[in-house]
Amino acid sequence: MSVSSQVYRILAVAVLVVHLVWIVWVIFGALVSDHRPLLRWLHIFSLVYGIAIEVLPWPPCPLTILEQWLEGQAGISPYHGSFLVHYLEAVIYPDIPVTLLIVCAVAVCVFNLGLYGFRFLRRDAAGW
């Protein structure tokens, strides 16, 4: 394996890690964003973006595109489709239909948005 192939492989793994961190942020960001307005708005944007990426046919996730390109440059046969389908279905949810994965991802995002709505209503009721 050439040095450039190894570099591309390492970069592909780095993008995979960033992808995982992004998913963890989308799922749990509400826990760290309370009383932090900038983080709260970043997380709300992340939730809306996450829903859009899952339910719209375009645009594809830029992290997925970058990871596939890096894998191709490294000589690894890149996967096709979404990150969730490729990694989570293959490793964690081997026999769950793609539609169910998407519904669950959107449900997590909607749940988080609901938490923000509840917080807003609670603060509004308290006279903030």
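**Figure 1. Overall view of the protein chain, whose secondary structure comes to five helices and zero strands.** Read from the N terminus on, the elements of this predicted chain run α-α-α-α-α. Of its 128 residues, 31% count as buried, and the accessible surface comes to about 8,400 Å², of which 75% belongs to carbon and sulfur atoms. Among the contacts with a separation of 6 or more, 61% are accounted for by residues 24 or more positions apart.

**Figure 2. Close-up of helix H2 (residues 37-55) and helix H5 (residues 98-125), whose axes come within 9 Å.** The two axes cross at roughly 150 degrees, and H2 and H5 are therefore roughly antiparallel to each other, since angles over 145 degrees count as such. H2 passes H5 in a left-handed crossing. On the H2 side the contact is made by Arg-40, His-43, Ile-44, Leu-47, Val-48, Gly-50, Ile-51, Glu-54 and Val-55, which meet Ile-102, Ala-105, Val-106, Cys-109, Val-110, Asn-112, Leu-113, Tyr-116 and Arg-123 in H5. Sorted by class, the residues in this contact of H2 with H5 are twelve nonpolar, three polar and three charged.

**Figure 3. Close-up of helix H1 (residues 3-33) and H5, whose axes come within 8 Å.** Here the axes cross at roughly 20 degrees, an angle that makes H1 roughly parallel to H5, because the limit for that description is under 35 degrees. H1 passes H5 in a left-handed crossing. From H1, the residues Val-26, Ile-27, Gly-29, Ala-30 and Ser-33 meet Val-108, Cys-109, Asn-112, Leu-115, Tyr-116 and Arg-119 in H5. By class, the contact of H1 with H5 has seven nonpolar, three polar and one charged residues. Cys-109, Asn-112 and Tyr-116 of H5 are listed in this contact and also in the contact of H5 with H2.

Figure 4. When residues up to four places away in sequence are not counted, Gly-81 touches Thr-64 and Gln-68. Gly-81 and Ile-65 are 16 residues apart in sequence, while their C-alpha atoms are 9.5 Å apart in space.

Technical notes
Residues are numbered from 1 along each chain as its sequence is written. This is a predicted model: local features need pLDDT of at least 70, side-chain atom pairs count only at pLDDT 80 or more; totals for chains, interfaces and linings use all residues. Side-chain values use heavy atoms; hydrogens and water are left out. Axes are lines fitted to C-alpha atoms, for helices over the stretch in contact, and angles run from 0 to 180 degrees between N-to-C directions. Helices (H or I, at least four residues) and strands (E, at least two) are DSSP runs, numbered from the N terminus. Angles under 35 degrees count as roughly parallel, over 145 as roughly antiparallel, 65 to 115 as roughly perpendicular and the rest as oblique. A crossing is left-handed if the near helix is turned anticlockwise from the far one by less than a right angle, and right-handed if clockwise. Contact means heavy atoms within 4.5 Å. Ala, Val, Leu, Ile, Met, Phe, Trp, Tyr, Cys and Pro count as nonpolar, Asp, Glu, Lys and Arg as charged, and the others, Gly among them, as polar. Buried means under 20% relative accessible area, exposed over 50%, partly exposed in between (1.4 Å probe, protein chains only). Accessible areas come from the Shrake-Rupley method with a 1.4 Å probe; for residues, only the protein chains shown count as cover.
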